[in-house]
Amino acid sequence: MATLLRKIGLIRLHDRDTEDPKHHQGSLKGTKGSQKGGSKHCNSSSESSILGTPEIKAKQGKDAKEKAQPGAGGRAGVAPPAPHRQHCTQVRTRRLMKELQEIRRLGDNFISVELADDNLFEWNVKLHQVDKDSALWQDMRETGTECILLNVAFPDNFPFSPPFMRVLTPRLENGYVLDGGAICMELLTPRGWSSAYTVEAVMRQFAASLVKGQGRICRKAGKSKKAFSRKEAEATFKSLVKTHEKYGWVSPPVSDG
């Protein structure tokens, strides 16, 4: 009977992963009382099938050691996160576990994922395929480029806020890829994002945008070897969001850059 009740609880929690953020926040108010009473709002047993992966085991072991050493890093006596923060972390973890599992089941070799420094909340995603009739695909073949590597960082309130996504390699021109590897896509902004979007769906949209925007691999001497930087990507993305909030998703006046 206990096992059946846990399964029912997991199904209900799973259904809330992609619910409307406002409804989601409202539901938290009703759960605070039960959390204070010592009962767990989320059951971690649903993650057992994926937790067996070496990357996540390593991450868990690291986290356990840090928790066992309260004096480490000079942060002794730090209070545990508030119930709302704990719930958001659990929602983000469950969602990413599920997506990681589904991506690894893909049979078309469209994308592959590696955890950045064994961190579940930051992925390095390899895009292996774009339209084979495109100039970008031809560039990839001629330069021996096996994939387009992107870094995807998931915020604390994911999936209710978009991830930050940027290109790492190769250095691209056009294709809505801007300075630092920032990506100009409305669905990656707070206004354009939906919690129903999956990483796979976002990557497919990005692959289409690369081709639509006539993206090419940079082959200019010197410039092609200059790496994209996260700091530059974040500044560029912040600027483009501000511009599009002012003018909408149309081409802004030339005077505004």
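Buried here means under 20% relative accessible area, exposed over 50%, and partly exposed in between (1.4 Å probe, protein chains only). This is a predicted model, so to speak of local features takes pLDDT of at least 70 and side-chain atom pairs count only at pLDDT 80 or more, while totals for chains, interfaces and linings use all residues. Residues are numbered from 1 along each chain as its sequence is written, and side-chain values use heavy atoms, with hydrogens and water left out.

Start with helix α7, residues 135–143; helices (H or I, at least four residues) and strands (E, at least two) are DSSP runs, numbered from the N terminus. Pick out Leu136, Trp137, Asp139 and Met140, which are buried. Look down the axis of α7: its buried residues fall within an arc of 155 degrees (taken from the directions from the helix axis to the C-beta atoms), so they line one face of the helix. Now show β3 (148–153), β5 (172–173), α8 (199–212) and β6 (216–217), the elements those residues pack against (contact means heavy atoms within 4.5 Å).

Next, select β1 (111–116) and β2 (119–127), antiparallel strands joined by six bridges; strands pair if DSSP finds at least two bridges between them. Alanine 116 has asparagine 119 as its bridge partner. In the two-residue turn of this hairpin, aspartate 117 has a positive phi of about 55 degrees.

Last, the largest nonpolar core: of its 45 residues, Trp123, Leu127, Met203 and Phe206 touch the most other members. Such a core is a set of buried Ala, Val, Leu, Ile, Met, Phe, Trp, Tyr and Cys residues joined through side-chain atoms within 4.5 Å. Color α8, which gives the most to this core, six residues.
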